[in-house]
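I opened the model today and went through it chain by chain. My notes follow.

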Amino acid sequence: MPPRAPLDVQDAPPGPADPEDATRAQLFHRAIVAGGAIVGAAATWGLPQLTSAASKEQDARVLNLVLALEYTEAAFYQEALDKGGLQGDLREYAKIVLEHEKAHLAFLKKALGSAAEPAPRHEFGEKTKDAEAFTAAALTLEDLAVATYNGQAVNLTPASLKAAARIVSVEGRHAAWIRSIVGDVPATEPTDPSLKEHETRSRLSDFGWKAG
Amino acid sequence: MDFLLHDLDTDGALREAGENAGISRATFLGGTVAGAVAAFAIVPTAQAASSGDVAVLNFALVLEYLQSSFYTEAERSKALRGKAEDAAKRVGAVERAHVTAFKGLLGRKAVKRPAFNFRGTTEAQRSFLKTAVAFEDLAVAAYKGQAPRLRSKQVLAAAVSIHSVEARHAAWMRFLFGVQPAVNAFDEAASKAEIERVVGATHFVVARPRTTTSRRPRFTG
């Protein structure tokens with residue numbers, strides 16, 4: 001095997017649509033359903049809606065979407081910690097995850113520069129009032145984060161995809177971590193679902209995101 | 001990077017596991033190396049427009065073979081207890097589903113399952129968990145490294161939907177092993193060469209099944 005150059009996203013431009021792709025994707029989908037004893041895969045694994053070709057403009061739109069998400073995550077963990085209803089492992093989880101979300105936020109703000117949307121407000125209601133409400137909300141939010149990044153992967157230029165990939169797996173780790181703490185099964189499906197932009201926006205609003 | 005990748009070599013749990021299984025360090029280190037390199041060096045012959053994607057998918061398939069065989073063997077060893085036993089069962093089913101999916105996607109272009117020898121790591125709770133952490137962190141880094149190389153949007157969508165599941169598994173196994181499930185704010189990618197080097201160093205991929213324990217071998221390859 002000839003030696004490979006180190007991975008460079010610049011050498012992997014988005015390729016032309018392959019007419020065989022749809023068939024392969026269907027095969028893949030069928031194999032997932034048949035291969036695992038997993039019922040939910042059919043419902044959760046859908047082909048993303050492809051939008052226009054990846055571009056810097058589209059990157060900015062996607063990055064603003066995940067910026068809204070990261071603002072919401074950081075604000076949620078901050079409020080939960082400020083309210084003081086968390087103890088032990090959950091408190092430790094919230095402290096560490098808050099730092100991660102703040103780092104994601106800082107990264108995205110820097111990447112977007114002047115194109116970044118203004119900071120939102122949040123109204124989390126009862127979600128941060130005690131450990132039980134916090135746990136249910138936190139795992140919903142982390143799953144939303146994973147599905148959002150996964151749904152947008154196909155819309156990004158390779159350089160932005162590379163950056164987003166460094167974040168999404170950390171969100172997946174958070175989602176499994178909090179489930180582990182409370183004794184839920186951390187991962188049940190062979191694939192994670194993906195969301196479209198308007199689905200993410202709608203769920204963020206339901207969660208307590210408000211335009212700034 | 002905070003994977004236990006650095007421990008997934010002959011100086012960590014694996015050597016310990018090998019020694020516990022009654023093989024000398026010399027034998028362990030000098031074991032069949034060729035198989036590992038061969039298994040990861042398969043370049044698909046497909047000359048189609050998406051041959052790059054085929055190569056990436058086959059690379060992913062080998063990692064899924066590695067994981068699915070590991071969990072299947074661990075489950076069959078009946079050496080695991082409690083939450084680790086449950087995790088091996090559940091994660092094993094998912095990794096087997098990934099294998100089936102990639103094979104379906106690749107059709108005749110799919111590489112064959114290599115033979116594996118997990119050197120006793122499937123037969124003790126701690127070494128199982130430590131190896132599982134390393135495998136899952138490795139898979140996360142591998143998918144992350146390969147995703148930007150994919151040309152087909154549909155294949156990319158499939159790959160990212162698996163990538164985040166591997167991250168969930170990594171956090172799960174880390175929790176069970178007793179290490180922090182998410183250490184850094186950003187997970188780093190690993191190149192194909194890095195992954196090949198790490199997997200090669202384990203000597204888990206063998207030319208043909210070998211017996212390393214006094215019990216009957218449980219090869220799934």
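What share of the contacts in chain A with a separation of 6 or more comes from residues 24 or more positions apart? I looked it up: the share is 81%. This is a predicted model, and I kept that in mind throughout.

**Entry 1: chain A overall.** I counted seven helices and two strands in chain A. Along the sequence they run α-α-α-α-β-α-α-α-β. Of its 212 residues, 45% are buried.

**Entry 2: helix H7 of chain A.** I picked out H7(A), residues 197-207. Its buried residues are A:Thr200, A:Leu204 and A:Phe207. Viewed down the helix axis, they fall within an arc of 60°, so they line one face of H7(A). I recalled the general rule: an α-helix has 3.6 residues a turn, so residues three or four places apart point the same way. Next I turned to the face of H7(A) that points away from the buried side. It carries the exposed residues A:His198, A:Ser202 and A:Asp206. I then asked what covers the buried residues of H7(A). The cover includes helix H3 (56-83), helix H5 (131-152) and strand E2 (209-210), which belong to chain A. After H7(A) comes A:Gly208, and I noted its positive phi, near 130°.

**Entry 3: chain B overall.** Chain B has eight helices and two strands. From the N terminus I read α-α-α-α-α-β-α-α-α-β. Buried residues account for 58% of the 221 in this chain. Taking contacts in chain B between residues at least 6 apart in sequence, I found that 79% join residues at least 24 apart.

**Entry 4: confidence.** The pLDDT of chain B averages 79, and 71% of its residues score at least 70. I marked residues 1-49 of chain B, where the pLDDT is below 50. In the model this stretch still has 95 contacts beyond near neighbours in sequence. For the complex, the predictor gives an ipTM of 0.80 and a pTM of 0.79.

**Entry 5: the core.** I looked up the largest nonpolar core, and it has 115 residues. Those with the most contacts inside it are A:Ala153, B:Leu57, B:Leu61, B:Leu66, B:Leu156 and B:Ala159. Which helix gives the most to this core? Helix H7 of chain B, residues 153-177, does, with 15 residues. I followed up on B:Leu66. Leaving aside neighbours within four places in sequence, B:Leu66 is in contact with B:Phe116, B:Phe135, B:Val199 and B:Phe204.

Key
Residues numbered from 1 in each chain as written. Chains lettered and ligands numbered in written order. Predicted model: local features only at pLDDT ≥ 70, side-chain atom pairs only at ≥ 80, totals over all residues. pLDDT = per-residue confidence, 0-100. Contact = placed C-beta atoms within 7 Å. Helix = DSSP H or I, 4+ residues; strand = E, 2+ residues; numbered from the N terminus. Buried ≥ 20, exposed ≤ 12 C-beta atoms within 10 Å, placed from the backbone. Arc of directions from axis to C-beta. Core = buried A, V, L, I, M, F, W, Y, C linked by C-beta atoms within 7 Å.
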